[in-house]
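This report describes how the two parts of a protein chain meet and how a ligand is held. The sequence and the structure are shown first.

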Amino acid sequence: MTKNAELAAWVDQVAQLTKPARIHWCDGTDAENDAIIAQMLDSGDLIRLNEKTHPNCFLHRSDPQDVARVEHLTFVCTREQEDAGPNNNWLAPEEGHAKVDPLFEGCMRGRTMYVVPYLMGPYGSPYARAGVEITDSPYVVVNMRIMARIGQRALEHIEAGNSIVRGLHSTGDLDPERRFIMHFPDELMIKSIGSGYGGNALLGKKCHALRIASAQARTEGWLAEHMLILGVESPAGETRYIAAAFPSACGKTNLAMLVPPAEFDGWKVWTVGDDIAWMHLADDGQLWAINPEAGFFGVAPGTSLKTNPNCMNTLGRNAIYTNVAVTPDLQPWWEGMDGDKPAELIDWQGRPHDPANGPAAHPNARFTVAASQCPSFSPQGDAPAGVPISAIVFGGRRSTVAPLVFEALDWSHGVFAGAAMASETTAAATGKVGQVRRDPMAMKPFCGYNFADYWQHWLGFGPKSGKLPRIFHVNWFRKDDNGRFMWPGFGDNMRVLEWVLERCAGRAEAVKTPIGYVPEAGALNLDGLDLDRKTVQDLLSIDPRVWHEEIDQIEAYFATYGERLPQALRDQAARIKAALEDQLAA
Ligand code: O2Y
Ligand code: MN
């Protein structure tokens with residue numbers, strides 16, 4: 001229960017609509033968590049994994065029709081359609097409510113309605129924001145407890161008079177025909193029904209910390225971004241921080257937990273966050289970032305001691321696994337894990353694994369685990385003020401076109417580079433895999449308002465400070481003519497991060513090109529890497545003809561935003577095109 005009359009009234013109103021058998025206010029304690037887990041083990045909602053190898057770890061199998069975010073069922077409900085923009089599905093607020101409210105009628109009959117007060121951001125942070133999620137899913141409660149700061153302290157923050165985002169969630173009947181994820185930014189409200197999975201259901205994450213928060217951030221003058229945050233500590237003990245935006249399933253978690261290669265003796269990478277950054281311009285003129293989350297909800301397939309040793313050392317205990325496969329002795333397993341594939345496996349749907357049925361683990365199988373368990377978790381990870389950002393890095397999965405790294409010429413050009421981002425699609429969102437889609441700032445599925453206004457908001461930071469981060473673009477995924485990745489990636493991405501930070505310090509050498517500064521031959525530390533000169537050249541090459549076509553496509557994409565598109569972005573495209581034409585004519 002709560003002293004906050006408004007919150008109490010909303011909970012009452014929801015209970016009258018959804019008709020739960022009982023109401024439970026979550027306090028976030030271990031005892032409460034143990035009781036919910038025990039009940040989920042009883043109901044079969046969770047399976048206890050091998051206690052010896054994976055203490056306090058559990059498996060959850062979601063409905064096979066409910067395994068990923070659902071962008072086509074995700075709506076932003078603003079008064080004017082133009083305010084949601086072409087980047088969002090739109091309904092007027094009253095239509096949005098009218099579409100989902102009937103689905104909530106009586107949907108919690110026989111179920112417990114959990115009221116989960118939560119805080120996004122470190123305790124005591126001026127940048128932290130509160131929310132309350134009402135849900136009938138115990139899976140949501142135990143995951144939210146890892147991903148956010150839930151319970152009594154969050155409730156106290158709310159009762160102290162701080163505003164909240166209200167989130168109403170029910171798994172409903174899990175019928176994809178009756179599944180909607182609705183956002184009402186003006187009301188600070190989310191209504192989600194028909195899915196029990198990840199971003200559709202853990203409302204603090206994508207719905208609150210990105211879609212609603214991005215709209216709030218615009219009004220209030222800050223940035224809510226789909227970015228990891230990491231710190232790079234030099235052998236001299238100086239740590240500088242990078243925020244990096246990559247589309248879903250492009251390796252943000254791996255980069256956030258990077259282990260530098262042997263040649264970088266004395267260097268250390270610290271993890272602040274792997275998915276979301278809230279950034280504020282502070283009085284010192286720098287952009288300071290907090291990770292609003294407290295845990296990782298990462299993709300399991302492909303995670304191994306080779307690709308992400310810190311992650312593997314994080315998730316062996318106190319973790320919830322969703323849709324992974326298991327060995328006969330109940331150890332979690334997924335494609336891309338170290339070692340040989342076990343002879344026998346139970347697949348993600350609980351069947352004896354038969355490769356004819358597809359992979360043993362679902363490609364979007366996940367682990368949920370506390371960030372504080374990560375061996376590389378930053379000593380500043382919970383700092384109320386956050387960390388000062390030296391560089392912003394944008395990146396996409398492009399087998400062609402984009403070089404390994406370039407630096408934007410200035411803030412406006414950096415915003416253009418972010419706005420022009422594109423990536424080949426993966427399995428995290430439902431839809432086709434391998435198609436190039438524009439994903440500005442990696443926010444395509446998450447920006448809670450019109451992208452044109454969002455870019456204007458970004459551009460608006462330019463004149464505000466001379467100490468803004470420098471902006472870069474990277475592409476770890478370029479392929480050669482035989483379809484092989486040219487760059488080793490993973491720990492070796494440290495070589496690019498070093499160049500990025502050296503540029504920020506005004507040291508590393510670069511060549512100016514129409515699309516930005518690229519490393520001069522020899523400026524990247526490639527010691528110990530088996531890369532021939534031609535491959536390095538190709539990785540850094542910018543083909544003016546290909547880029548001219550790319551800018552044509554960017555302009556065509558920008559044109560879909562009509563008159564609302566900031567002129568500065570049109571100007572950037574025109575400037576780059578003219579410079580490419582000069583090059584082609586020379
Ligand atoms: O939330 C989901 O349903 C899976 S997608 C996801 C999960 C964690 C972090 N990022 C993402 C994403 O799609 O960007
Ligand atoms: Mn993400």
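## Domains

The protein chain is split into domain 1 (5-50 + 68-221) and domain 2 (225-295 + 379-585), with bounds that come from an automatic or database domain assignment. The model is predicted: local features need pLDDT of at least 70 and side-chain atom pairs count only at pLDDT 80 or more, while totals for chains, interfaces and linings use all residues. Residues are numbered from 1 along each chain as its sequence is written, chains are lettered from A and ligands numbered from 1 in the order in which they are written, and side-chain values use heavy atoms, with hydrogens and water left out.

Taken over C-alpha atoms, the centres of domain 1 and domain 2 lie 31 Å apart. The contact between them (heavy atoms within 4.5 Å) involves 41 residues from domain 1 and 37 residues from domain 2.

## The interface

The size of an interface is often expressed as the accessible area lost when the parts come together. Here domain 1 and domain 2 bury about 3300 Å² between them, with 53% of it on carbon and sulfur atoms; buried area is the accessible area (1.4 Å probe) that two parts lose on being put together, summed over both. On the side of domain 1, Asn87, Tyr127 and Arg218 lose the most area to domain 2, together 22% of what that side buries.

Eight salt bridges are found across the interface of domain 1 and domain 2, a salt bridge being a side-chain nitrogen of Lys or Arg within 4 Å of a carboxyl oxygen of Asp or Glu. Lys205 and Glu293 form a salt bridge in which the closest N and O atoms are 3.0 Å apart. The side of domain 1 that touches domain 2 comprises, by class, 21 nonpolar, ten polar and ten charged residues; Ala, Val, Leu, Ile, Met, Phe, Trp, Tyr, Cys and Pro count as nonpolar, Asp, Glu, Lys and Arg as charged, and the others, Gly among them, as polar.

## Surroundings of ligand 1

Residues near ligand 1 (a heavy atom within 4 Å) include Arg69, Gly199, Lys205, His226 and Asp275.

Oxygen atoms of ligand 1 lie 2.9 Å from a polar side-chain atom of Arg69, 2.6 Å from a backbone N or O atom of Gly199 and 3.1 Å from an N or O atom in the side chain of His226.

How values were computed:
Polar contact = N/O pair within 3.5 Å; in protein donor to acceptor, adjacent residues only side chain to side chain.
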